[in-house]
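Load the model in a viewer and keep the selection tool at hand. The stops below are meant to be taken in order.

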Amino acid sequence: MLHAALIGFPSTGKSTLFQLMTSAKDAPRGKGDTVIGISKVPDVRLDKLTAMFNPRKTVPATIEFTDLVAPGRSGGAAALVDVAGYKNADALVHVVRAFRDPAVPHPSGSVDPARDAQAMEDELILADLGVVERRLERMEKDLKRGKSAELDKEKDLLLRCKSALENGQPLRALGLAGEDLRRLRGFQLLSAKPLLVVINLDEADVDAAVSVEQAAERTGMKAFLSREGTRAVPLCAKIELEIAALEPADAEAFLKDMGLSESGLNRVIRGSYDLLGYMSFLTVGEDECRAWSIRRGTSALDAAGEIHSDIQRGFIRAEVVGYDAFMARGTMAACRDNGELRLEGKEYIVQDGDIINFRHAT
Ligand SMILES: Nc1nc2c(ncn2[C@@H]2O[C@H](COP(=O)(O)OP(=O)(O)OP(=O)(O)O)[C@@H](O)[C@H]2O)c(=O)[nH]1
Ligand SMILES: [Mg+2]
């Protein structure tokens with residue numbers, strides 16, 4: 001399952017968000033200092049298909065979030081490097097405090113989101129530099145015992161990483177791919193993980209939650225967020241708490257009043273999902289309507305394997321129709337009559353929102 005970890009300095013609103021996103025009443029499980037919860041990935045397409053098919057069951061895509069529970073332990077990458085839930089995370093979500101509330105003291109004495117965002121970035125970089133340097137030292141010993149092409153390549157890569165880190169560059173900015181990514185995987189480097197910055201706005205600034213640009217302007221984070229590959233979601237945790245307590249219809253009206261199309265929680269969940277390069281294909285029927293998570297670029301054959309290894313093994317053809325085409329026609333039969341229900345082979349690259357029926361031998 002996809003797994004994102006919440007990070008941030010003390011009292012920035014991590015646990016407030018965690019509880020809201022995962023409805024912690026689902027009895028979160030965890031080990032030691034961490035707690036894990038599961039969020040449903042909001043998807044209007046699945047909602048609309050459910051309304052059409054009226055299935056016995058609807059199953060959304062999900063994503064796991066980890067939060068630190070031990071108070072006082074939070075903050076600092078130093079605290080994170082040894083925590084398994086963080087090292088193994090696919091992505092990091094950094095909750096940055098931009099709310100002012102004097103009742104919640106800030107450990108640095110003042111509220112400065114840009115400073116905190118940079119401080120966390122620096123800590124991730126420093127933690128990684130330690131890991132990379134230790135590995136390079138060990139490698140020197142290995143290289144003395146005997147050279148190998150693989151060791152040389154790894155050393156090359158680590159030296160590139162080291163120089164980026166020394167220049168204050170997070171490893172995610174290097175745009176590593178393929179073999180390089182594979183070589184680094186075992187080190188679980190924190191600054192290499194995709195990062196989503198959550199700007200936890202003050203209640204008085206909630207109007208700035210309508211766009212990252214406005215939130216960045218309001219909180220002095222423009223320069224930080226203008227960097228390549230820096231993604232952010234602005235919200236106000238305190239107001240999210242109020243929204244969560246409302247009936248769905250009231251919540252919708254409340255959001256509309258503020259000029260928002262969906263809650264901040266949904267934007268964080270979907271933002272994390274997108275950040276990881278994930279998308280969903282859909283299966284429909286009277287029994288079940290379901291969204292399945294796959295990485296962009298997944299073939300029809302591998303998508304079939306997500307559902308069941310038997311379906312992958314017996315794969316014959318994928319019957320595919322795009323979500324928009326399906327909604328425009330209203331039924332599968334109409335799509336077939338208009339040539340919009342395509343038969344695709346194993347190599348077909350599944351697109352976001354494809355509605356698929358796998359034909360397979362049993
Ligand atoms: N005014 C205001 N207070 C907030 C907001 N978000 C969180 N808080 C308050 O800040 C305090 C800390 O919130 P938590 O969600 O526990 O923060 P945390 O980051 O998990 O804190 P630690 O786990 O102790 O590091 C609580 O008293 C919250 O009610 C917000 O948007 N506005
Ligand atoms: Mg907490």
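Leaving aside residues up to four places away in sequence, which residues does Asn-200 touch? Select Asn-200 in this predicted model, then show the residues in contact with it: Thr-12, Gly-13, Val-95, Val-96, Arg-97, Ala-98, Phe-99, Leu-235, Cys-236 and Ala-237.

**Stop 1: Asn-200**

Asn-200 sits in strand S6. Its relative accessibility is 2%, so it counts as buried; the cut-off for that class is under 20%. Next, follow the side chain of Asn-200 to the backbone oxygen of Thr-12, which it reaches at 2.9 Å. That contact leads to the next selection.

**Stop 2: Thr-12**

Thr-12 belongs to the loop that runs between strand S1 (3-7) and helix H1 (14-22). Is Thr-12 buried or exposed? Thr-12 counts as buried because its relative accessibility is 3%. Its side chain reaches the backbone oxygen of Phe-9 at 3.3 Å. Beyond its neighbours within four places in sequence, Thr-12 is in contact with Val-95, Arg-97, Phe-99 and Asn-200. Val-95, Arg-97 and Phe-99 are also among the residues that Asn-200 touches.

**Stop 3: helix H8**

Select residues 212-219, which form helix H8, and colour Ala-215, Ala-216 and Thr-219, which are buried. Turn the view to look down the axis of H8: the buried residues fall within an arc of 100°, so they line one face of the helix. The face turned away from the buried side carries Glu-213 and Glu-217, both exposed.

What covers the buried residues of H8? The cover includes strand S5 (91-98), helix H5 (113-145), strand S6 (195-201), helix H9 (222-225) and strand S7 (231-235). Strand S6 is the strand that holds Asn-200. Before leaving, select Gly-220, which follows H8 and has a positive phi, near 75°.

**Stop 4: helix H7**

In helix H7 (residues 178-185), the buried residues are Asp-180, Arg-183 and Leu-184. Seen down the axis of H7, these residues fall within an arc of 95°, so they line one face of the helix. Gly-178 and Arg-185 are exposed on the other side of H7. To see part of what covers the buried residues of H7, show helix H6 (149-166).

**Stop 5: the second largest pocket**

Stay with H7, which supplies the largest share of the lining of the second largest pocket, three residues. This pocket has a volume of about 980 Å³. Which residues lie nearest its centre? Of the 29 lining residues, these are Arg-172, Leu-181, Ala-192, Lys-193 and Pro-194. By class, the lining of the second largest pocket has 14 nonpolar, six polar and nine charged residues.

**Stop 6: the largest pocket**

Move on to the largest pocket, with about 1400 Å³ of space. It is lined by 44 residues; centre the view on Lys-40, Pro-42, Asp-47, Ser-263 and Asn-266, the closest to its centre. Then show the elements that each supply at least two lining residues: H1, strand S2 (34-40), helix H2 (44-53), H10, helix H11 (248-257), helix H12 (264-275) and strand S8 (278-283). Which of them gives the most to the lining? That is H12, with six residues. The lining of the largest pocket divides into 20 nonpolar, ten polar and 14 charged residues.

**Stop 7: the largest cavity**

The structure holds two cavities of 30 Å³ or more. The largest cavity has about 40 Å³ of space. Select its lining: Val-206, Ala-209, Leu-235, Cys-236, Ile-239, Glu-240, Ile-243, Met-258, Leu-260 and Arg-267. Eight of these residues are nonpolar, none is polar and two are charged. Helix H10 (residues 237-244) gives the most to this lining, with three residues; H10 also supplies at least two residues to the lining of the largest pocket.

How values were computed: Residues numbered from 1 in each chain as written. Chains lettered and ligands numbered in written order. Predicted model: local features only at pLDDT ≥ 70, side-chain atom pairs only at ≥ 80, totals over all residues. Heavy atoms only, no water. 1 Å grid on protein atoms, 1.4 Å probe; cavity = no way out; pocket = protein on both sides within 12 Å on 5 of 7 lines; lining within 4 Å. Points joined across faces, edges and corners; volume = space filled by probe spheres on them. Helix = DSSP H or I, 4+ residues; strand = E, 2+ residues; numbered from the N terminus. Nonpolar A, V, L, I, M, F, W, Y, C, P; charged D, E, K, R; others polar. Buried < 20%, exposed > 50% of the residue type's maximum accessible area, 1.4 Å probe, protein only. Polar contact = N/O pair within 3.5 Å; in protein donor to acceptor, adjacent residues only side chain to side chain. Contact = heavy atoms within 4.5 Å. Arc of directions from axis to C-beta.
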